[in-house]
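The sequence and the structure are shown first.

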Amino acid sequence: MKNLDFDADKVLAKEFLSNFTDVNGEPKYMNILQEVANYKIRAVQIDLEDLDNYKDKDEEFFRRITENTRRYIGIFASAVDELLPAPTEDIPDDIPILMTQRADDGNGTENADATNPLKKMPPEIKRYYEVYFKAISKGRAFTIREVKASYIGKLVRISGIVTRCSDVKPLMQVAVYTCEECGFEIYQEVTARVFMPLFECPTDRCKVNKTKGNLILQLRASKFLKFQEAKIQELAEHVPKGHIPRSMTVHLRGELTRKVAPGDVVELSGIFLPVPYTGFRALRAGLVADTYLEAMSVTHFKKKYEDYELGEEEEEQIARLAEDGDIYNKLARSLAPEIYGHEDIKKALLLLLVGAPHRKLKDGMKIRGDLHICLMGDPGVAKSQLLKHIINVAPRGVYTTGKGSSGVGLTAAVQKDPVTNEMVLEGGALVLADMGICAIDEFDKMDESDRTAIHEVMEQQTVSIAKAGITTSLNARTAILAAANPAWGRYDLRRTPAENINLPPALLSRFDLLWLILDRADMDSDLEMARHVVYVHQKRESPALGFTPLEPSVLRAYISAARRLSPYVPRELEEYIATAYSSIRQEEARSNTPHSYTTVRTLLSILRISAALARLRFSETVAQSDVDEALRLMQMSKFSLYADDRQKSGLDAISDIYSVLRDEAARTNKMDLSYAHALNWISRKGYSEAQLKECLEEYAALNVWQIHPHTFDIRFIDA
């Protein structure tokens, strides 16, 4: 191996930083350095793809950077020091004055003892920026078990899920001492997690005088970096059969701190390095060393809704979609297109993703905006598949099962921190899904004691803990999507809905929509479904929907744009909503076996679903059509039960439609009823437009009402 000339490499680095231009012909890195000089940014990220595409690319230089990255960070940093331009804007007042004074003093005579390296001011203490390398994104990222000893010191790219994050703490980079005898400043660079402090002054003056001057560590003059430790774990799909997921420690420094949170799926590029155990752990470990990843760049697989920065093309695409009159149906049908039917359930799940705005009142009281949905149905109606798909679409989602999660696993557990040995809180599934969706499968199989942990989260959206001397409240602003089977595995029509559902009323009232999905034997729909399933099995894609289903990334972008709006209910709709709510209560009071528990929470649910629908239309106000659709969804959620009720009561569809319309006319004290209103009311009861027209003709022949020839509006003939 020939001797490496690092000075020549520094010249190459300076040439690259000075001469590299991006696609538009702009000097990319010189612009970044100007921003650094103006104290606008603190990180210089060098993308190795730029170095790879550089016109004067040196293959050997490129290879040396990827294989000896730690050394080349220092080389590029000193190249940046020399290239840093003068500031072009007014520098803010709070820049380190100490640094500039030091630099001036260093040029003077007093500290000019250049022979002693400890007295020389290290370049790190003057730098107010950090240099990072970003690995080339070509090819697949490594899994944790693929990073072996041959990659030590090299730049690697790893994907995984963050399972734990420490607090951000200051890490000493340069220790500064002052001597009590001679007054000199002594500098000590700290490269590891631990260091041996200096006790005796090493300057010539103290040596000549033989005073052994006492050194005092000056914390204010020392340089500290932000430091955070995280644990990254292999993704489930990368774990071989019969193995358990491996994890790796990641060190994040400077501007990379606070970039990740537990539950994030990320791709990290960094330097794979060994570190010996220190302190008591070293005695136990013996000669064994640990490895860690020194992070250089962090890329999130799924951005949070708030982090979406839409480009011009995306904004145009969203504007085009918003102008489409049928966007509500298209977005809903784009969710899990491989699953046959369930159109209304998909609409409800779309509204779950969109959500309603949170309301905070003047006195600090909060009204939640997240929707909670429970899918209860017979086995084999694709409940779990819908849950999995929603978790894939949502930017932040956690999937758990009822039997596989305990109360503390859902809320928060108190554990011993392996580093500090203190008692720390570790957030459970609901806390990890903060500002996202938590899907709980097999909800009915959960123990009653564990299920009570969810009550507080669903309404107050916090998790209160009082354990092991830790009393606190954690945020859990999460939308809960639960899937459950009825009490006897399948829905038993001979028993009441309350017996079948078998969940406590306190929990049921917290769900905005409880969707009952019954598996019915029906010749036509069974044939259609079988054809659909066979087609998906053969072609591995859904049959033609009449339009191209939207990609999950487009869905996320559309929803992120919709979530920025905060629609309100106009005054003219107040009475309409109040009347609709009171009529639902009256209907339930008259029923011997009510299908649901209607409380004031139901009224809030109507408002939330209406606001979510208004968001989808990019509207600042809730329209009557939104309220009607919210009421229709609430009615349709029990649709599969109404068919049985009608069969039991012996009413045919035509008679039932007539009674619905007559009751509505009597309630409003009007003799006229518009066709649109009539269609809205009967569709809530699960009837079709063809049945309505048949009913209109039949009763018009009996001279019960008159039908307008063009608009089909109804006028009752007062008997």
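## Burial and a covered salt bridge

A residue is called buried when its relative accessible area is under 20%, exposed when that area is over 50%, and partly exposed in between. Asp 512, at 3% relative accessibility, therefore counts as buried. The structure discussed here is a predicted model.

Asp 512 meets the side chain of Arg 368 in a salt bridge, with 3.1 Å from N to O. This pair links distant parts of the chain, 144 residues apart: Arg 368 belongs to the loop between β12 (366–367) and β13 (373–377), and Asp 512 to the loop between α19 (505–508) and β21 (513–517). Arg 368 is likewise buried, its relative accessible area being 5%.

## Other salt bridges

In total, the structure holds 22 salt bridges. One of them joins the side chains of Lys 226 and Glu 255 at 3.7 Å, N to O. The two partners lie 29 residues apart, with Lys 226 in strand β7 and Glu 255 in the loop between β8 (247–253) and β9 (265–276). Lys 226 is partly exposed at 35% relative accessibility, and Glu 255 is partly exposed at 29%.

Arg 617 and Asp 626 form a further salt bridge through their side chains, at 2.6 Å from N to O. Arg 617 is partly exposed, at 39% relative accessibility, whereas Asp 626 is buried, with a relative accessible area of 4%. Elsewhere, a network of salt bridges links Lys 10, Lys 14 and Glu 82.

## Aromatic pairs

The structure holds 18 aromatic pairs. In one of these, Phe 16 and Tyr 29 are tilted, at 5.3 Å centre to centre and with 50 degrees between the planes. Because Phe 16 lies in helix α1 (residues 6–19) and Tyr 29 in helix α2 (residues 28–37), the pair ties together parts that are 13 residues apart in sequence. Phe 16 is buried, with a relative accessible area of 1%, and Tyr 29 is buried at 1% relative accessibility. Phe 16 and Tyr 29 also belong to one aromatic cluster with Phe 20 and Tyr 54.

Tyr 658 and Trp 705 form another tilted pair, since their ring centres are 5.5 Å apart and their planes stand at 55 degrees. Tyr 658 is in helix α26 (residues 653–668) and Trp 705 in strand β23 (residues 705–707), so that pair links distant parts of the chain, 47 residues apart. Both Tyr 658 and Trp 705 are buried.

## Charges over rings

## A nonpolar surface patch

Leu 217, Leu 219 and Phe 224 make a nonpolar surface patch of about 260 Å². Phe 224 lies in strand β7 (residues 223–233) and is partly exposed, at 34% relative accessibility.

## Helix α12

Helix α12 (residues 343–354) has twelve residues and, at 1.5 Å a residue, should span 16 Å; its end C-alpha atoms are 17 Å apart, which agrees. The helix is mostly covered, eleven of its twelve residues being buried. Among the buried residues are Asp 344, Lys 346, Lys 347 and Val 354. Gly 355 follows α12 and has a positive phi, near 70 degrees.

Technical notes. Residues are numbered from 1 along each chain as its sequence is written. This is a predicted model: local features need pLDDT of at least 70, side-chain atom pairs count only at pLDDT 80 or more; totals for chains, interfaces and linings use all residues. Side-chain values use heavy atoms; hydrogens and water are left out. Helices (H or I, at least four residues) and strands (E, at least two) are DSSP runs, numbered from the N terminus. The expected span of a helix is 1.5 Å times one less than its number of residues. Buried means under 20% relative accessible area, exposed over 50%, partly exposed in between (1.4 Å probe, protein chains only). Rings of Phe, Tyr and Trp (its six-membered ring) pair if their centres lie within 6.5 Å; planes under 30 degrees apart count as stacked, over 60 as edge-to-face and the rest as tilted. Patches are made of residues with over 30% relative accessible area and no salt bridge: like charges are joined within 9 Å, nonpolar side chains (Val, Leu, Ile, Met, Phe, Trp, Tyr) within 5 Å. Accessible areas come from the Shrake-Rupley method with a 1.4 Å probe; for residues, only the protein chains shown count as cover. A salt bridge is a side-chain nitrogen of Lys or Arg within 4 Å of a carboxyl oxygen of Asp or Glu.
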